[in-house]
Amino acid sequence: MLLSFHSDLLSNVCFFIFWLPCALWKQTMGFSDIVCIIGWVIIVFSKAAWWLDLGRLLVGYGMGLLSYVVPVYIAEITPKNLRGGFTTVHQLMICIGVSMTYLIGAFLNWRILALIGTIPCLVQLIGLCFIPESPRWLAKTGKGIESEAALQRLRGADADISEEAAEIREYTETLERLSEGGILELFQRKYAHSLIVGVGLMVLQQFGGVNGIAFYASSIFISAGFSGSIGMIAMVVIQIPMTLLGVLLMDKSGRRPLLLVSAAGTCLGCLLAALSFLFQDLQQWIKATPFLALVGVLVYTGSFSLGMGGIPWVIMSEVFPINMKGSAGSLVTLVSWLGSWIISFTFNFLMKWSSTGTFFAFSAICSLTVLFVAKLVPETKGRTLEEIQASMNPFS
């Protein structure tokens with residue numbers, strides 16, 4: 001597992017520096033699929049440990065690429081009233097995929113599982129031949145005619161796209177006065193709000209403990225005196241419907257209310273788990289503490305799936321101007337993977353130090369997330385990407 005964390009981190013650093021800032025979204029997704037397929041094939045036919053290292057490095061590279069590009073592409077092609085729900089479907093599909101992998105992996109060996117991993121990559125690679133490039137990205141690269149054709153194809157042959165096309169064109173003309181932004185340019189004052197929101201949400205998402213709890217859920221349940229296998233099944237059962245509920249509510253309730261409820265729920269879940277271990281240490285309510293830990297982890301998982309799992313990626317895809325999306329996406333996604341690695345690597349050490357203290361710390365960070373969302377995160381529901389940029393990053 002430590003190898004996979006290092007592979008993801010290293011591969012994403014390389015990708016963010018050398019690929020994303022200059023790539024088209026479709027090209028990037030196609031490149032990612034090819035890299036993932038090569039990585040999975042190397043794993044399937046591995047004869048030595050270094051083959052597994054190389055395969056895992058390539059798969060981590062490709063998946064890190066997709067983790068940013070897919071939400072951004074979806075955000076740029078969907079109408080403003082459906083953008084949140086469509087972008088969150090990406091998280092739902094990840095949730096379903098992980099659950100299926102848990103299920104299938106219980107009956108198949110790792111080589112066959114790796115071979116199955118090539119199937120989604122092949123399906124997406126073929127599917128890319130039938131979808132248009134982002135109209136906003138085409139307009140940004142000076143392909144106005146292709147941009148309007150792509151927009152018409154996305155909205156339907158009979159749809160009136162004149163207003164939306166004009167808005168994209170006007171915004172693009174404004175951006176033409178600006179050069180393609182690099183990483184260092186992100187730290188200008190005019191991008192401060194977007195950067196704080198994008199990076200802040202990713203930091204709080206990861207340091208709220210999600211990957212530590214997800215990766216070590218079975219050992220958490222066993223430490224609390226509960227069945228690890230039953231606890232894992234319960235997590236999978238609650239995760240998918242809660243993610244689906246988040247998709248359905250995204251464009252009705254808005255991003256901020258869902259984030260506030262989700263963050264408050266993760267805070268409560270960690271608090272319940274912390275109390276379970278505290279009572280266990282104090283030798284109080286011994287029979288109830290395993291169930292309290294189960295409830296805590298399930299409340300955390302369900303609440304995270306409702307909003308904190310997907311909405312930060314939705315907002316991240318909305319708050320940066322198009323000339324900064326490559327560099328901003330590089331930085332924000334790198335921060336997310338780095339946070340994931342730190343929590344995953346340190347979780348066992350933290351639990352050995354103090355299970356109670358670990359979950360109290362996660363609960364405190366989740367409570368900080370509530371304050372962060374309430375004070376700094378804007379509501380983007382029902383607003384075009386251009387309207388969001390005008391309010392967050394006004395150009396002189």
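Tutor: Contact here means heavy atoms within 4.5 Å. This is a predicted model, in which local features need pLDDT of at least 70 and side-chain atom pairs count only at pLDDT 80 or more, while totals for chains, interfaces and linings use all residues. Residues are numbered from 1 along each chain as its sequence is written, and side-chain values use heavy atoms, with hydrogens and water left out.

Student: Leaving aside neighbours within four places in sequence, with which residues is L201 in contact?

Tutor: With that exclusion, L201 is in contact with I196, L259, M308, P312, I315, F372, V373 and V377.

Student: How should I read a nonpolar core?

Tutor: In soluble globular proteins, nonpolar side chains tend to be buried together. A nonpolar core is a set of buried Ala, Val, Leu, Ile, Met, Phe, Trp, Tyr and Cys residues joined through side-chain atoms within 4.5 Å, where buried means under 20% relative accessible area (1.4 Å probe, protein chains only). The largest such core here has 74 residues, and L201, I220, L259, I315, F320, F359 and V377 have the most contacts inside it. A second, separate core of five residues includes A139, L151, I161 and I168.

Student: Is Y73 buried or exposed?

Tutor: Exposed would require over 50% relative accessible area, with partly exposed in between; Y73, at 6%, is buried. Y73 lies in α3, a helix being a DSSP run (H or I, at least four residues) numbered from the N terminus. Sequence neighbours within four places aside, Y73 is in contact with W25, M29, I131, P132, E133 and S134. The C-alpha atoms of Y73 and E133 are separated by 8.4 Å, although these residues are 60 apart along the chain.

Key: Helices (H or I, at least four residues) and strands (E, at least two) are DSSP runs, numbered from the N terminus.
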